[in-house]
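Subject: A structure for you to explore

Hi there,

Here is the structure I promised to pass on. Have a look around it first, and then read my notes below.

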Amino acid sequence: MTSIIIYSVVTFLMIISFIKSPQKTKKAFKIGFNSFKKLLPSIIPMMIGIGIVLSLLSPETVSSILGEKSGFLGVLIGLGIGSVAFMPSFVAFPLGANLLAHGAGYPQIAAFISSLMAVGFMSLGLEIKYFGKKTALIRNLTALVASSAFVFVIWRALL
Amino acid sequence: MNSNIIIFTKKYKWAILTILILTVINMTLPSLGTNANQLTLSNFLTMFGVLPPILLLIGLLDVWVPKEIMIKYMGENSGIKGLVIAFLLGSFAAGPLYAAFPVAAILLKKRARLSYVMFFLGVWSTAKLPMVMFEYTSFGGLFTVLHITTNLTVFLIGALLIEKMLTAESKEAVYQSASALSE
């Protein structure tokens, strides 16, 4: 659904751009194509790496680990799995909601969901290639701090 | 000929390594391997669903949006305006976080302020509008509101601090490497 929208919007913009200036549009196409070529050496291992990690950390595995663990240790495990795993939200949200319905704690699920969305261990290679080691690490560290802050707040709010 | 192979191998060393690992998994643990193959395939499909059009969009941005415009709206001295634009760009986004990197890179290439670009990445990761709706229906209002407010607060502080932590040279290096990937 998302990709249909993005592809249509971009096709539409490319057509308008081409009507206004074929040269500029060709250049735009070349820029897009070149950056795709430059990204491939980072994207291929990332896609395969995510595939391997997800086959080990399947939704079932995640729910069996996060479902029974509680307390501070559960939060740490939630942060750890969330940082390493790579799951689209339409898989992760129902999984988290289901775990909550079956008695898992809010702080542990919050740790998992928040770090899953913001910390990207599997995409770190690509991020470093774009922004350099230091910036990429600081951003991911900030995301980890943000997730911990959220856990702290929700722990205070709900317990 | 030989040196071409060496260059190729060097460039794709991580790709080759992960393919090898996947092959070993397939040979030793076939059921896990099948699962990993399917997930890898679906990752590639997702990636092809978002990345090529985003890169084309970036090409269009590059040729049509002059640097001066970007500096005016998101540059060093754009003030609160730049922050608001970073927020809007991030929240109207769609796609996984890695799709945000090329967008962030073109913003940097056009000399948007590093702090705002980092904040944009934070918003993209946590507060994309479609995902906020979905989060609300999955976890309820309190969870979603607390998630977004605490995360965005920390992202904002982190984004402003990152400029203090980097020296002028390493900041320039970030601009250079981001620009080099969007040409």
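To follow the first point, you need one term: pLDDT is the predictor's confidence in each residue, on a scale from 0 to 100. You will need it because this is a predicted model, and where pLDDT is low, the predicted coordinates should not be read in detail. For chain A, the mean pLDDT is 91, and 99% of the residues in chain A reach 70 or more. Within chain A, helix H3 (residues 59-68) has the lowest confidence, with a mean of 82, while helix H6 (residues 106-118) has the highest, at 95.

Now over to chain B. The C-alpha trace of chain B spans about 55 × 50 × 35 Å along its principal axes. Of the 183 residues in chain B, 42% are buried. If you take the contacts in chain B between residues at least 6 apart in sequence, 75% of them join residues at least 24 apart.

Chain B is also divided into two parts: domain 1 covers 1-50 and domain 2 covers 65-180. The C-alpha centres of these domains of chain B are 31 Å apart.

One helix deserves a visit: H7 of chain B (residues 114-126). Is H7(B) enclosed or open? Since 13 of its 13 residues are buried, H7(B) is largely enclosed by the rest of the structure.

Next, the core. The largest nonpolar core has 93 residues, and among those with the most contacts inside it are Val117(B), Phe119(B) and Phe120(B). Leaving aside neighbours within four places in sequence, Val117(B) is in contact with Ala104(B), Leu107(B), Leu108(B) and Ala112(B).

Finally, see where the chains meet. The contact takes 69 residues from chain B and 61 residues from chain A. Several helices of chain B each supply at least two residues to the side that touches chain A, including H2 (13-28), H7 and H10 (168-180). Which helix gives the most to that side of chain B? The answer is H3(B), with 22 residues. The residues on the side of chain B that touches chain A divide into 47 nonpolar, 18 polar and four charged.

Enjoy exploring!

How values were computed:
Residues numbered from 1 in each chain as written. Chains lettered and ligands numbered in written order. Predicted model: local features only at pLDDT ≥ 70, side-chain atom pairs only at ≥ 80, totals over all residues. Core = buried A, V, L, I, M, F, W, Y, C linked by C-beta atoms within 7 Å. Buried ≥ 20, exposed ≤ 12 C-beta atoms within 10 Å, placed from the backbone. Contact = placed C-beta atoms within 7 Å. Helix = DSSP H or I, 4+ residues; strand = E, 2+ residues; numbered from the N terminus. Nonpolar A, V, L, I, M, F, W, Y, C, P; charged D, E, K, R; others polar. Domains from an automatic or database assignment.
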